[in-house]
Amino acid sequence: MPTLDSSTRDRIVTAATSLIMERGYDKTTMRAIAERAEVSLGSTYYYFGGKEELVQGFYLRIARETCARASAAMDGVTSFSKRLDACFEAFMDTSEEYRPIADSLLSLAIVPSSPLSPFSDQSRPARDLFLSMYVDMIDGSDLKTDSRLRQALPDLLWSVQMLITLGWVQDLSPGQRVTRTIVARLAPSLSRLLSLVRLAPFRPFVDDALEGLAIVKTGRETRAHVGV
């Protein structure tokens, strides 16, 4: 049995990504991917059970490239607002390179029961990378906020990232200018809001927000566990 080789795996993911961008998800076959990657069909199935697993490889690539870009942009920066903006911008810049594949996968990714959904258990490795990015962003920042909210913040910011994704895919303005303009204002607004919630009058709102986030997170984990 052949041993797993990261360079071969990356080559297969690259081939799948380029073909889906050219032909769309439905018209891309495992055989075509193998031919583009210059590996046997058997080797392709050895690394990936099918196209869905290949898309998960693509999700991981997006996450890794985003994290690398964000880390470089945040180096030496302590402002929470600027660090958060760096994460959002890194995600959009990375995603922009793969815009055609995002258009092709949207109809599948928005189905809650689909393994290609970013909320699925199969998507957990990429999701965990993004969550780690937000943990690092927060830990290296000057953010002062409610301690309970601070702990829940990575999940909340990842959810915001999903909303950004939905808007970005639907944005037909040149360079997705509308989405980028909104996101540029989002980071400082969130920074001010998170600072305000330390005050006593805002604590009931924090309680409500944390309760809502817990419900969403529990529902996500339940769907992933039962596969629905």
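What is the mean pLDDT of the protein, and what percentage of its residues reach 70 or more? The mean pLDDT (the predictor's confidence in each residue, from 0 to 100) is 87, and 90% of the residues reach 70 or more.

The model is predicted: local features need pLDDT of at least 70, side-chain atom pairs count only at pLDDT 80 or more, and totals for chains, interfaces and linings use all residues. Residues are numbered from 1 along each chain as its sequence is written, and side-chain values use heavy atoms, with hydrogens and water left out.

**Whole chain**

Begin with a cartoon view of the entire protein. It displays 10 helices and zero strands, where helices (H or I, at least four residues) and strands (E, at least two) are DSSP runs, numbered from the N terminus. Along the sequence the pattern reads α-α-α-α-α-α-α-α-α-α.

Next, colour by pLDDT. Among the elements, helix H7 (residues 124-139) has the highest mean value, 97, whereas helix H10 (residues 203-226) has the lowest, 65.

Then switch to a surface. Of the 228 residues, 44% are buried (under 20% relative accessible area; exposed is over 50%, and partly exposed lies in between, with a 1.4 Å probe and protein chains only). Of the contacts (heavy atoms within 4.5 Å) with a separation of 6 or more, 73% join residues 24 or more positions apart.

**Helix H2 and its neighbours**

Select residues 30-37, which form helix H2. Its buried residues are Met30, Ala32, Ile33, Ala34 and Ala37. Display three further helices to see what these buried residues pack against: H1 (6-23), H3 (41-47) and H4 (51-74).

Most residues other than glycine have a negative phi.

Move to Glu38, which follows H2 and sits in the loop between H2 and H3. Its phi is positive, near 60°, although the residue is not a glycine. Glu38 is exposed, with a relative accessible area of 70%.

Finally, select Gln176, in the loop between helix H8 (147-170) and helix H9 (177-196). Gln176 is likewise not a glycine, and its phi is positive at about 55°. Is Gln176 buried or exposed? At 7% relative accessibility, Gln176 counts as buried.
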